[in-house]
Amino acid sequence: MSYEGYKTLKFERPAPGVLEIIMGEEGKLATAGMDGHRELGEVWRDVERDPETRVAILRAVGKGFSGGGDFKMIEAVMNDFDMRARVWRESKDLVYNIINCSKIVISAMHGPAVGAGLVAGLLADISIAAKSARIIDGHTRLGVAAGDHSAIIWPLLCGMAKAKYYLLLCEPMSGEEAERVGLVSMCVDDDKLLEKAREVAVKIAGGAQTALRWTKYSLNNWLRSAGPAFDNSLALEILNFTGPDAKEGLASHQEKRKPNFRTDCAL
């Protein structure tokens, strides 16, 4: 299986049956541009078809796991209908392609974890966070509804009360707190993150693949049953991109200031 066509993702094989999918560049905090957003949704189809891969590890190099969408892409979503339709489709594909990928997926998250990378990180079958991890769902800070993975996975993992608190306020969650509330599988020291992810991957790669994949398939029916809630949240997020709050949210990020959202609401 060749992954040579990918522009924003790198690939390594640290052990038989294990594929590492690597985001970002050394010294930088990766942001998802148009190519990155598309590739992060498509790669799981290739993992599914790859006969050499039994387990995939999603990790990142650089200053963090993921930094969210870049400003150019967000502006394009706000201003162009075709781009909104494209991002809606790609966001839907990202969530459902991970859920439906039969291979086991492990995420190894360090530093900031936001945006499309966080979607994949929390939807992974086994999610490992470093103590340095700062998990942030920044949708409402941008002025859009918490779409993507939020409605489908956060309430199931950490309960409705915690999900509402963090999704409404966009409060950062440390790796240790994420483990405590059940949002991630485990939290480890930063220097043990990759070692632990590979250790778990090797164990799974050596296990009974049919049993493992059918167990994943069965458990993920909980996520499939939440599909209508996810579809609704994603549609509302895309709708919000057409409104004034998203424009103010983006401007406040670009100008590094607090947003001045409207206090009135049509609802």
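1. Start with the loop between α7 (160-169) and β9, where Cys-170 is found. This is a predicted model. Cys-170 has a positive phi of about 55°, although it is not a glycine. Most residues other than glycine have a negative phi. Cys-170 counts as buried because its relative accessibility is 13%, and the cut-off for buried is under 20%.

2. Lys-256 also deserves a look. Its phi is near 55°, again a positive value in a residue other than glycine. Lys-256 lies in the segment after α13 (244-254). Buried or exposed? Lys-256 counts as exposed, at 75% relative accessibility.

3. Next comes the sheet that holds β9. Four strands form an open sheet in the order β4-β6-β8-β9, and the pairing is mixed. The edge positions belong to β4 (66-67) and β9 (173-174); each has a single partner strand, so one side of each is left without a neighbour in the sheet. Strands of a sheet pair through backbone hydrogen bonds, either parallel or antiparallel.

4. How do β8 and β9 pair? Strand β8 (residues 134-135) runs antiparallel to β9, and the two share two bridges. Met-173 in β9 is the bridge partner of Ile-135. A helix covers part of this region: α4 (residues 115-123) lies across β4, β6 (112-114) and β8. The angle between α4 and β6 is about 90°.

5. Strand β3 (residues 55-60) is mostly covered, with six of its six residues buried. Val-55, Ile-57 and Arg-59 point one way from β3. Ala-56, Leu-58 and Ala-60 point the other way. Which strand pairs with β3 in the parallel sense? Strand β2 (residues 18-23) does, over six bridges. Within this pair, Leu-19 stands opposite Ala-56.

6. Arg-59 is one of the buried residues of β3, and it also takes part in a network of salt bridges. The salt bridge count for the model comes to 21.

7. Two salt bridges sit within helices. In the first, the side chains of Arg-38 and Glu-42 meet at 3.3 Å, N to O. These residues are four apart in helix α1 (residues 34-49), which means that about one helical turn separates them. Arg-38 counts as partly exposed at 25% relative accessibility, and Glu-42 counts as partly exposed at 32%.

8. In the second, Glu-199 and Lys-196 form a salt bridge at 3.3 Å, N to O. They are three residues apart in helix α9 (residues 193-205), so about one helical turn lies between them. Glu-199 is partly exposed at 34% relative accessibility. Lys-196 is partly exposed too, with a relative accessible area of 25%.

9. Another salt bridge joins Arg-257 to Glu-248, with the closest N and O atoms 2.7 Å apart. Glu-248 counts as buried at 16%.

10. Last, the surface. Leu-156, Leu-219 and Trp-222 make a nonpolar patch of about 370 Å². Trp-222 has its place in helix α11 (residues 221-225). Trp-222 counts as exposed because its relative accessibility is 59%, and the cut-off for exposed is over 50%.

How values were computed: Residues are numbered from 1 along each chain as its sequence is written. This is a predicted model: local features need pLDDT of at least 70, side-chain atom pairs count only at pLDDT 80 or more; totals for chains, interfaces and linings use all residues. Side-chain values use heavy atoms; hydrogens and water are left out. Patches are made of residues with over 30% relative accessible area and no salt bridge: like charges are joined within 9 Å, nonpolar side chains (Val, Leu, Ile, Met, Phe, Trp, Tyr) within 5 Å. Accessible areas come from the Shrake-Rupley method with a 1.4 Å probe; for residues, only the protein chains shown count as cover. A salt bridge is a side-chain nitrogen of Lys or Arg within 4 Å of a carboxyl oxygen of Asp or Glu. Buried means under 20% relative accessible area, exposed over 50%, partly exposed in between (1.4 Å probe, protein chains only). Two strands pair if DSSP finds at least two bridges between them. Contact means heavy atoms within 4.5 Å. Axes are lines fitted to C-alpha atoms, for helices over the stretch in contact, and angles run from 0 to 180 degrees between N-to-C directions.
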